[in-house]
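Student: Could you walk me through this structure, a bit at a time? I'd like to ask things as we go.

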Amino acid sequence: MNLTRKDELMNFKMKTKQTALFIGFLFVFGMMVNVASAQKKGSVLIKNATVITITNGDMEGTDILVKDGIIAEIGKNLKAPKGAEVVDATGKFVMPGIIDAHSHLAITNGVNEWTNPVTAEVSMEDVIDPNDVGMYAALAGGVTSIHVMHGSANVIGGQGETIKLRYGADQEGLKFSEAPRTIKFALGENPTRVHGQGFNVQPRSRMGVEQIVRQTFDAAIDYKAKRDAYMEEFAKWNKRKKGDQPNPVAKNIRYDVINDIIAGKVLVHCHSYRADEIGMLMRVFKDYGVENYTFQHVLEGFKVAPELAKHKAHASTFSDWWAYKFEVYYASAYNAAIMNKYGVVTSINSDSEELIRHLNHEAAKVVKYGGVTDNEALMMITLNPAKQLGIDKYVGSIEKGKQADLGIWSAHPLSIYAICEQTFVDGTSYFNKANDPADMRLVISPEDDYELVVSAGRNNDSCMEGVFEVLGEQTHSHE
Amino acid sequence: MKNRIKYFLFVLLLATSSIATAQITEKPEYGKFAITNAKIYTITGSVIEKGTVLIENGTITEVVNGMAKIPAGYKTIDATGKSVYPGFIDSGTFLGLKEVEAVPVTNDQMELGKFTPHVRAITAINPASVSIPVTRVNGVTTVISHPTGGTIAGKATLINLYGYLPDSMAVVSDAAMMMNWPRSGKRGWWDSRDEKKVKEEYEKTLKELDEYWENARFYNSMMNEYESSSKGKSKPDKNIEWDAMRAVFNGKLKVVIEVDKEKDILEALKWIAKQKDASFVLSSVQEGWRVADKIAEAKVPCLVGPVLRTIARSYESYLTSYENAAKLHKAGVLVAIRTGETENVRNLNFNAGYAATYGLGTEEALKAVTINPAKIFGADDKIGSIEKGKMANLMITNGDPFEPKTTIEAVFINGFKIPMISRHTQLYDEYIDRDKTN
Amino acid sequence: MHKLSLGLLLSLSLFSQTKAQQLPAYAFKNVTIHTHDGKSIEKASIVWRNGSITDYGTKVSIPFDAKVTDGGDSLHIYPGFIDGFSEMAAPDEKPNTDRVEKPGEPPYDRSGIQPERIPSASADFSKKDVKDAQKEGFTSALIGLKGLMLPGQLDFFHLGGKDAQSNLLVSSLGQKGAFKNTRNVYPSTLMGTMYLFRQLWENASALQIKQQSYESNPTKNDNPGRDLTLEALYPVINKKQPLYFQADDKESIERILKLKKELGFDLVLVSAKEAFRYTDLLKKEKVPVLVSFDFPGKPDWKVKEEKAEKAAKEAKKDSTNAKTDSTIAKKVEKEVPADIIAFRAKQMSAYNDFVKNTKTLLDAGLNPGFSSIGLKWADFSKNIESMIEAGMTENELVSVLTENTAKVLGLSNQTGKIENGYLADFAVFTKPFTAKKAKLLQRVVKGEVYELN
């Protein structure tokens with residue numbers, strides 16, 4: 001649970017006489033939560049692999065020693081501590097666990113709170129579904145962490161949650177506890193279609209999208225002044241409780257989140273396609289002092305790569321999806337390579353429960369479309385998404401001291417013939433091809449249908465899952 | 001201009017011309033070519049380690065081991081260290097029929113009605129679709145583009161990805177009759193239909209199909225009789241739909257049935273067994289591996305894919321979609337690979353690559369995107385391998401075309417050496433070194 | 001608010017005359033009384049007067065002015081069953097799909113935020129589900145209206161006379177809640193609902209302070225105005241009224257417990273059909289539970305299998321027809337692929353967990369009460385049979401249906417037991433209630449005898 005929210009809650013609980021008791025209870029509960037959702041931290045010695053470190057080149061015939069979930073040593077002829085598992089990785093390749101910066105796996109009941117153009121107050125943290133079998137398929141593709149996001153129906157969407165694929169843990173246990181908070185923004189066709197066209201509520205145009213952002217930020221800033229003034233008054237009064245209690249300015253959860261964005265406590269990930277709207281947001285964020293944000297999809301990012309670099313904005317994109325909407329008709333698979341050349345921190349994501357299974361292959365396509373080096377391509381699915389999610393101190397490369405999120409591959413991961421053989425999260429093996437029971441469902445319902453077959457069509461923009469059905473549009477053609 | 005023209009000259013050319021349009025302004029080359037010192041994957045024969053391919057006006061005139069005598073007037077392409085493969089064939093796409101999925105008016109793959117055998121995909125192909133150059137520069141030269149929608153959706157076409165009118169693109173104008181087998185059971189957790197209703201709808205559609213088939217069959221025999229001797233008979237009215245079915249009953253047009261579920265595949269096979277006067281192929285076949293033996297027994301070829309798709313049942317192994325093609329092949333089924341794509345048909349190479357990795361092997365996977373589909377669609381006299389007398393559909397690569405890092409260096413379609421330019425490369429050229437201040 | 005004075009009870013009973021005139025006292029003699037501690041007293045008598053039990057046991061002297069019914073040693077008296085959380089008598093509500101000008105700012109009721117609603121104002125005791133409950137031996141119920149996240153208050157009623165007012169025992173015993181939302185106005189998702197709980201709590205808490213300040217010092221403060229919806233939340237916020245929250249799966253329980261930690265309300269968990277997954281959590285957090293007896297039906301293939309086995313057994317008995325024997329046997333042993341066998345084994349294991357859910361709660365020492373939520377009354381007897389087959393005892397069942405429920409509702413000092421002074425609510429069966437072919441003969445509700453038609 002986030003410290004900032006905890007502090008504010010504690011401040012507000014002035015009413016109850018049991019304030020002290022409540023605070024005590026909260027601390028105790030905090031400890032209990034940690035124990036209840038304790039992560040499995042494993043120890044293992046992986047021997048004799050070609051280790052793709054990402055930050056320090058590729059090392060052949062090298063061992064990785066993991067102790068209690070942390071990479072303890074990288075070198076040759078290492079010795080395993082007593083009781084630690086030893087994995088012979090001769091002829092194999094080990095790379096950091098893949099990080100997907102854009103996913104809608106593991107969400108309960110609704111990817112989009114699509115009824116309002118601004119919904120900063122809702123959060124994926126509240127609705128993580130730990131029983132989504134799709135997470136296992138991702139582990140089987142070498143993915144160890146994912147950024148679970150709100151959909152792209154709203155200009156300012158809900159907060160996200162970065163989780164590790166500790167498949168089998170409960171919703172608390174999946175959380176990447178060190179990860180900063182994030183939030184989803186969306187520009188262009190999606191919000192204008194849902195709100196403007198669908199509900200007859202602004203925004204209906206890209207012009208309106210800008211003003212929704214500004215209007216919301218302005219209102220949040222005004223609220224903050226009033227709320228802060230009240231909190232100060234209240235703190236003074238609360239010391240002795242003499243005189244009249246100050247009239248409360250009620251906490252506005254939505255605006256609190258916006259103010260946290262401005263204060264740099266919440267990283268913005270913005271769904272966007274067209275060059276002009278990408279430029280628009282950079283302009284707006286400059287005005288409000290928001291930094292360290294990532295554009296998602298950003299298929300025309302290559303058209304404003306110099307500007308992205310100048311604003312130190314990051315980009316998370318597809319390897320080669322395009323043309324499925326008009327705003328992506330003038331896109332290019334060379335997008336990532338061009339942005340990368342200009343020094344933009346670029347990652348390749350899936351936004352799909354199909355693509356997430358082979359992000360190594362998606363990264364390989366960036367070599368094809370634009371000639372990035374092998375290491376640059378692999379960085380786009382490891383260290384770069386880690387940077388965009390604010391977790392690069394902990395994961396994203398194989399370095400002493402980092403968390404042991406690793407994938408063992410039968411061949412170089414950029415080869416089409418490479419098979420992921422084993423995936424570790426925090427040094428614990430969560431996927432082992434040699435030991436893979438087919439049925440990996442965590443929760444069995446007696447009403448499960450043996451015969452249920454899902455022939456998924458391609459999910460363009462998973463971000464809009466469920467929205468079209470309610471809008472009354474036909475999305476999936478008979479493919 | 002020589003074939004050895006450097007890429008940056010293209011860049012210069014393009015930089016000075018208006019890039020904002022979708023059009024590829026470069027013209028392909030045509031005429032006489034000699035590809036020398038190449039590793040040639042003939043597909044139908046053994047691999048030639050170092051050989052020569054001669055192309056003249058659209059046809060492969062010679063395929064030899066070692067150096068061949070190169071006649072005068074031939075442009076030589078030295079392919080030392082490179083490989084030559086037949087152009088890949090995708091057995092199921094909407095390329096040319098759909099343009100932007102989210103914009104309905106740009107999509108022509110579906111006509112209204114449950115039975116529309118008379119509509120022809122070839123009619124609606126847009127030769128200038130932006131996705132066509134994007135696809136062919138990756139080495140996919142030929143695709144099946146097919147209608148979808150009703151139980152009988154219309155006629156698919158087998159087209160080369162170069163031409164200014166669909167007719168000049170067509171390898172086989174009407175390549176197959178497309179059918180969609182009705183889907184038994186629910187489509188997913190979101191399908192809120194009553195179980196009973198689902199069963200009813202399924203059985204109703206099957207009944208309608210049988211009825212339709214019977215009527216069309218009768219129409220055909222009636223017309224056959226009339227045509228053989230019209231003496232004393234009044235001409236029956238033409239029924240444009242049933243008329244389109246005649247080619248099916250006269251053995252001239254195969255029927256492709258798109259079907260996914262195990263149960264439905266078995267039903268379809270049972271139904272196929274009853275239709276002695278037509279010839280069938282299955283498409284998509286997501287759960288084909290579960291009944292591979294039965295499909296092999298029935299000698300029905302399969303257009304398998306996409307390979308890169310999520311698994312069908314939540315309790316099965318994550319590998320089922322990758323291993324499907326291999327399992328069908330091992331059981332003895334003739335397998336071709338399809339993507340089901342529109343703007344990313346270029347990923348056929350990688351669908352085939354995954355099938356290869358997970359049990360099919362590179363050699364068989366190559367066949368699945370070359371000679372196998374050519375055979376299935378009755379075009380193996382023209383395409384699907386590098387053989388003397390066949391159409392010059394081929395690619396020159398610097399390695400295994402299934403590998404993403406491989407560069408496709410040249411592509412020939414019907415003897416035209418295609419400019420390796422697409423919207424994606426044009427945008428790259430414009431923006432890789434953009435004017436920074438404007 | 002929870003306790004009802006005897007005087008009030010008396011005046012209520014005066015108003016609830018149905019057809020017959022109330023006699024001074026009543027008694028059953030020669031009956032078996034099933035007391036709350038699982039014991040049964042045979043050849044016993046029980047006397048009640050003014051709606052309360054006055055005496056029971058084997059050494060009862062029946063007063064002269066009591067109308068006596070002789071049970072002939074064939075009647076079984078149980079405490080009347082209590083439905084701890086129900087939607088019976090609640091009017092059906094058609095979802096409102098009218099367009100709202102701003103789906104993101106709908107009026108409270110469109111979002112399902114209606115904590116001010118009171119069931120006694122609209123409960124209809126002539127509805128079929130009330131009759132169905134009565135037929136199973138229920139004599140009282142905690143009732144709430146149908147709706148979404150905060151449908152309204154919970155009133156406790158006797159299932160006696162015709163109308164809500166005459167049946168009402170305790171009003172506003174609790175607040176009803178659930179993770180339920182519509183699709184086309186805010187909140188349309190679970191995360192929206194979670195947020196709204198928090199924001200409503202904030203808004204109501206702030207308003208309460210403002211109103212108190214205004215009341216104590218009207219000239220110094222602006223009038224904050226009224227908001228009946230927010231005001232209806234004060235009792236829950238002030239912990240005077242628990243939130244009765246309906247949830248089943250583990251993640252939903254974790255979520256409502258998270259909100260409980262953040263917002264500080266008292267929680268009663270209702271339904272809890274998958275409690276077998278989280279009994280430790282319930283114990284640790286000391287959450288009272290009202291469990292549903294609803295569980296999914298047996299998988300089709302299992303039902304077919306059991307039918308075929310039964311037919312095979314019967315065919316064996318009639319061994320003259322050897323041919324049918326073998327064909328039936330073949331049907332039963334038809335070869336089933338290995339992965340279907342594995343799938344089915346998991347499915348049956350899950351099914352059994354659901355059937356044993358209540359027993360699992362009891363074994364964990366959680367003493368759940370009963371809620372009819374989610375259960376079709378037609379399935380009540382059938383499900384009880386399955387639960388008993390799976391290991392529950394009748395005593396455990398009766399505890400759940402009576403004493404435990406009364407305890408969870410905070411009414412264990414007046415109902416749920418056969419004890420002197422307690423409400424005269426009984427269910428009268430022809431046999432021990434879980435015996436085959438046991439029939440409910442009569443119900444006594446607040447001392448009035450109702451025959452079953």
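Tutor: What follows takes the chains, their contacts and some charged pairs in turn.

Student: What should I know about the model and its numbering before we start?

Tutor: This is a predicted model, in which local features need pLDDT of at least 70 and side-chain atom pairs count only at pLDDT 80 or more, while totals for chains, interfaces and linings use all residues. Residues are numbered from 1 along each chain as its sequence is written, chains are lettered from A and ligands numbered from 1 in the order in which they are written, and side-chain values use heavy atoms, with hydrogens and water left out.

Student: OK, chain A then. How many helices and strands are there in it?

Tutor: Chain A has 13 helices and 17 strands, where helices (H or I, at least four residues) and strands (E, at least two) are DSSP runs numbered from the N terminus. Of its 479 residues, 63% count as buried, and buried means under 20% relative accessible area, with exposed being over 50% and partly exposed in between (1.4 Å probe, protein chains only).

Student: How is chain A divided into domains?

Tutor: Domain 1 of chain A covers 1-96 + 397-435, and domain 2 covers 98-219 + 247-395 + 457-471; such bounds come from an automatic or database domain assignment. The contact between them takes 31 residues from domain 1 of chain A and 43 residues from domain 2 of chain A, contact meaning heavy atoms within 4.5 Å.

Student: And how much area do the two domains bury between them?

Tutor: Domain 1 and domain 2 of chain A bury about 3100 Å², with 57% of it on carbon and sulfur atoms; buried area is the accessible area (1.4 Å probe) that two parts lose on being put together, summed over both. On the domain 1 side, A:Ile54, A:Leu414 and A:Tyr430 lose the most area to domain 2 of chain A, together 21% of what that side buries.

Student: Which strand gives the most residues to the domain 1 side?

Tutor: That is β16(A), with four residues. By class, the side of domain 1 of chain A that touches domain 2 of chain A has 16 nonpolar, nine polar and six charged residues. Here Ala, Val, Leu, Ile, Met, Phe, Trp, Tyr, Cys and Pro count as nonpolar, Asp, Glu, Lys and Arg as charged, and the others, Gly among them, as polar.

Student: Switching topic: how many salt bridges does the structure hold?

Tutor: Over all chains there are 78 salt bridges, each one being a side-chain nitrogen of Lys or Arg within 4 Å of a carboxyl oxygen of Asp or Glu. In one of them A:Asp426 pairs with A:Arg166, the closest N and O atoms being 2.8 Å apart.

Student: Why would that pair be worth a look?

Tutor: A:Asp426 lies in the loop between β16 (420-425) and β17 (428-432) of chain A and A:Arg166 in the loop between β9 (161-164) and β10 (181-186), so the pair ties together parts that are 260 residues apart in sequence. Both A:Asp426 and A:Arg166 are buried.

Student: What about chain B, is B:Glu287 buried or exposed?

Tutor: B:Glu287 counts as buried, at 0% relative accessibility, and its side chain meets that of B:Arg313 in a salt bridge (2.7 Å, N to O). B:Arg313 is buried as well, with a relative accessible area of 2%. Both belong to a network of salt bridges that links B:Glu262, B:Glu287, B:Arg290, B:Arg313, B:Glu316 and C:Asp339.

Student: Now, where chain B meets chain A, how many residues are in contact?

Tutor: The contact takes 73 residues from chain B and 63 residues from chain A. The area buried between chain B and chain A is about 6200 Å², of which carbon and sulfur atoms give 52%. B:Tyr315, B:Tyr318 and B:Lys405 supply 12% of the area that chain B buries against chain A, more than any other three residues.

Student: How many salt bridges are there between those two chains?

Tutor: The count between chain B and chain A is two, and in a salt bridge the side chains of B:Lys405 and A:Asp374 meet at 2.7 Å, N to O. The residues of the side of chain B that touches chain A divide into 27 nonpolar, 21 polar and 25 charged.
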